[in-house]
Amino acid sequence: MERKALYDSILDRSKRITWQDDCYVDLQSASCSAASRAETEDLDWIQKHQDLLQRFSTASFLEVMLAHLRKVDAVSSAEETKIRGATRLHDQVNMVTTIVTAKGAQSSDALRGFIESSDSQVAQLVINHDAMVKEHKEVLLRRCEQSRDRDSVSCPKLNVCSRTLLLVDGLSDIQQKEHDLMQVGATRGRKRNHLRQLGLTKLLEPLTRVSLPPRVSLTVGVAGIGKTTWVRHFVRQWSQGLICADVSFVLPFAVCELNSVEKVSAEKLVKLAFPHLTDPSVVLSSSCRTLLILDGLDEFRCSANFADAASCSDPKKEVSIDDLVTNIIRGNLLPDAAVWVTCRPRVASLIPGGLVDRVTEIPGFSPQDIRLFLDHHFSERDFGSKIWTHLESHKILMVMCYIPSVCWIVAETLVYIMRSETDESLPRTCTELYAHFCSMKAEAGEPRGREPVKMEQLHGSNRKLLGNLGRLAFYGLLKHKYTFSEQDLRAYGIDLLLGQGSLGTGVLVREELAICTTYRFTHLTLQEFLAATFYHISSKRAIFDLFSESTMSWPKIGFQNHFRSAFQHSQQAEDGHLDVFVRFLTGLLSPAALKPLAGLLAVGKDEGNQKAFAAGFLQGLLVGGGAVVSLRAVNLAYCLHELQHAELLRSVEEDLQLGSLAGKLTRAHCVVLGYLLHVSPECSEQTNLTGSLNYATVKCLLPQLLYCSYLRLENNHFKDDVMELLGSLLSAKDCHIQKMSLAENAIGNKGAKALSRALLVNRTLTSLNLRNNNIGSKGTRFLAEALKMNQVLVSINFQNNAIEEEGAQALAEVLHCNRKLVSLNIRKNTIGAGGAKRIAEALKTNRTLTKLILCSNQLGDRGAIALAEALAVNHTLLSLQLQSNSISNKGMTALTKALRLNRGLVSLNLRENSIGVEGAKNMAHALHENNCLQELDLTANLLHDEGVQAIAGAIKFNRGLTSLHLQWNFIKCSATKALAHALLSNGTMQLLDLQENAIGNEGVIFLAEALKTNASLRTLCLQGVSASTSGAIAMAEALTTNRSLQTLDLRGNAVGMEGAKALANALKSNRSLKSLNLQENSLGMDGAIFIATALKGNHQLTYINLQGNGIGESGAKVISDAIRASASGCVVDI
């Protein structure tokens, strides 16, 4: 026993080891604690990696994992069966981790050990994924930070984060075939109106619940629109964990950096661009979701050949860089990776449409955005407003500002000129603007790292640099090359140190990318301008064709031969990539454009002769060419503008403004008109070609009419053959037309059929006016069939087309199924009561139509009764016009009964019917109950005093009616008294029309008394009411106290001189009246002088009519002097 006690004592002492003084470590406790920590650590490890296991596990990996766990008894046979019984792989993996963690340390350790010892890609992703992603995001963020200043616009509303992409259904013809600037000019930077917006957060998401995420997304935009900025913003947002959390790796490649690579594998390329990703095979595996970004495919030195590229599916196999890119987009290589390609539209069109799942477009600046940009960045000394004013008067510069990077160039250049405080006028052409821009950059400072030099020396070095930059720009342009290496710069004699001087850094942007360093011009247009300066100077001494850089060609001597050669190449270029180059080349012949470059270019003395030659040459090209005006032909008019040879341009624009183009549209005029459709302020909101065109000119202008937003083609005597042309116009994918008026032509049912075919496919037209044609019932049926399918048109006008009852029936069928049409005008079509009944039946179910015009259709009471039945149940129709339909008290009774139930109609027009006292009384009853109706027109009926008195009684209590027309209703003093009494308590009535009723002075006096109290009436029409001086004096007295009346019409009365005097005195104190009509009131010269005196003291009037008052020349002069002195804002008709 003693020995055992001693042994236990030793064991007990060994449990504790002296640590410091009285501090001890308990070994048994420590051992237990370590085991406990290990167990907890295993459990934590599994919980930490559970989501990754579920995310990356494959069926084969799960199979191997289950076999191992079964082997080490971590999972029982029954548990294995239960796990396999789960239907989804995600659920199976979840059950494994749940079962293992529930069993404790041994099972958890077995699972962890299996994963850590496995060399499969799934295991590597589970173990290393989070650390790899974290490091990758940090690297990408550091790279993005280097470009933050360049990407930021600083104006919150214009930053990428507050803008959206536009979802498009493919590229339009103009995007595939034309120069970027021509695309912007032709469309005026306007986007198509049916496009859906798409935020960056949804770039990789499916559009619907049943669709799949896109594999290849294509984002297009013209040069300088901000494609790379959008990519950097996306990368930044993803790296910060704000978007696309399900994407494991984002791999952004600037395509221009791939130009330095000849042959490479997919894995080696990833390793080359992202050295921190030590195992690219894991990143590119199908287990994790990876996004490859190919930014700027248009800058690829190879033309992506999708037809003949050698197929490759092995990410480890080295292939040529163009085959690699092609196979990635095709899906042969890395089929599980998502791909986002950004590109200019022209090159994007080379990618087969079947390979692209989603196409988006980057919108540029709207005019509102441009104004916001200028006000934000150039508020100093009101520069922003001054620039905006200049842009508004020179639309060609305004349209260019659609492109954000060009907007910077334009604004900085204009501010530079304004700050110089010289007499220099602001640029009117693009050539002038870019000349000033280069001059600004040359004078901004001296080259870095050098001793200060004289301005002559500085210009000398800059002149040499400008020449070499121009040569680089020109031959780069010919090869469609827009990014350059340091080797390229040296090859063209550009000293890198000199290139870092003010001119070099002003026009060249240096980008240090992961694989290489590249250079590019600030914008494509600047490259084109510098290319033009090189050609302009070189063509004067070159003896061979400048378009052949390294090969011998036939001798070509003299500027004029080289100038012709440039235009020949431009006209032959299928993609229009030389269009802007020849604009600048022509513009450099203008002295105003050459002046800012005087120190940088060697300017000859024969520039004036060359300008005259160029003008004649261009006008000769305008006359020639095909029957159809192409955008390449329109570019010639742009060149004339740059040359500042504007005689022809001004002549056509004046004819366009005056509407006198008829008979003058030769081919040259059509070309200039095509140009004006792009840049003229006259065409910005609507293009009015009324009475100007015929079949030949429509055919000639057809491609240019595509881009008008509102096209007016009225009174052109168009027949059905022209409708075939316009049908093709509306069917085109490029069509931007939103409103079209074909009123006053001779369109028959065949023309209507052509239009109907177009409406089946058109997605832009919202308003179509066919007033006064010969469409008939058959043509209406054709159009109705299209309207059943069309989902865009909201307004159509069939006025005076003899559609009759059969046509009305066809339109009624449209109203049964169409859910877009808002306004339908079938005035003057003799549809009769039968047609009205058909439409009324449709109105009972239709819930979209808000405006229906049925005037002059012989509806009668039967038609009115049918419509009344519809109004009792339809509460969406807002406006109903039934003028001139022979509706009597019977029809009125039915309509007023419906109004008691209706809660939608706000405007009802019953002018020129046969409604009498009984009908007026029924309307009064309706107005007691209905407070929705706001506008009621009962002009030219038979209401008499008794009927109007009943309506006046209702107005006392009605709180909805704001406008009441009672003209030509045989009203006299007693009814007027009732109306005046009603106005004392009514606070909603804003317009009261009592024209051509014999209410006399007494009636006017009653109304004047009411005006002293009433504060709601804005317009009072008293034309021809038999009022004279006493009525005018009463009204004048009311105006001294009334503060609401803005329009007073007293035409055709007998106000006289005394009445004019009273009104003049009232005007001196009245501050609300803006329009006063005193036409034909026997004022005489004295009365005119009184009114003129009042105008000197009154500054609220904006219009006054004094015609037909025998004023004479002296009276007219007095009034004119008064206007000039103190009322210049008031328009006076004398």
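This is a predicted model: local features need pLDDT of at least 70, side-chain atom pairs count only at pLDDT 80 or more; totals for chains, interfaces and linings use all residues.
The cysteines were examined for bonds between them. A disulfide is a covalent link joining the sulfur atoms of two cysteines. Cysteine 639 illustrates the result. The closest cysteine sulfur to that of cysteine 639 belongs to cysteine 430 and is 11 Å away, which is too far for a bond, since a disulfide requires the two sulfur atoms to be within 2.5 Å. Cysteine 639 has a relative accessible area of 0% and is therefore buried. Cysteine 144 also counts as buried, because its relative accessibility is 6%, and the cut-off for this class is under 20%.

Backbone angles were considered next. In most residues other than glycine, phi is negative. Cysteine 244 is not a glycine, yet its phi is positive, at about 50°. Cysteine 244 belongs to the loop that connects helix 11 (227-239) with strand 6 (249-254). With a relative accessible area of 12%, cysteine 244 is buried. Asparagine 772, another residue other than glycine, has a positive phi near 55°. Asparagine 772 is placed in the loop between strand 18 (767-769) and helix 37 (776-789). The relative accessibility of asparagine 772 is 22%, so this residue counts as partly exposed.

The second largest pocket has a volume of about 1,000 Å³. Its lining is made up of 43 residues, and those nearest the pocket centre are Arg188, Gly189, Arg190, Lys191 and Tyr402. By type, the lining of this pocket comprises 16 nonpolar, 16 polar and eleven charged residues. Several helices each supply at least two residues of the lining, including helix 9 (173-177), helix 10 (180-187), helix 18 (383-393) and helix 19 (395-400). Helix 17 (367-377) is also one of these helices, and with four residues helix 17 gives the most to the lining.

The largest nonpolar core contains 368 residues. Within this core, Phe234, Phe581 and Leu742 are the residues with the most contacts.

How values were computed: Residues are numbered from 1 along each chain as its sequence is written. Side-chain values use heavy atoms; hydrogens and water are left out. Buried means under 20% relative accessible area, exposed over 50%, partly exposed in between (1.4 Å probe, protein chains only). On a 1 Å grid over the protein atoms alone, a cavity is a set of points where a 1.4 Å probe fits but cannot get out, and a pocket is an open set with protein on both sides within 12 Å along at least five of seven lines; lining residues have an atom within 4 Å of a point. Grid points are joined across faces, edges and corners, and a volume is the space filled by probe spheres set on the points. Ala, Val, Leu, Ile, Met, Phe, Trp, Tyr, Cys and Pro count as nonpolar, Asp, Glu, Lys and Arg as charged, and the others, Gly among them, as polar. A nonpolar core is a set of buried Ala, Val, Leu, Ile, Met, Phe, Trp, Tyr and Cys residues joined through side-chain atoms within 4.5 Å.
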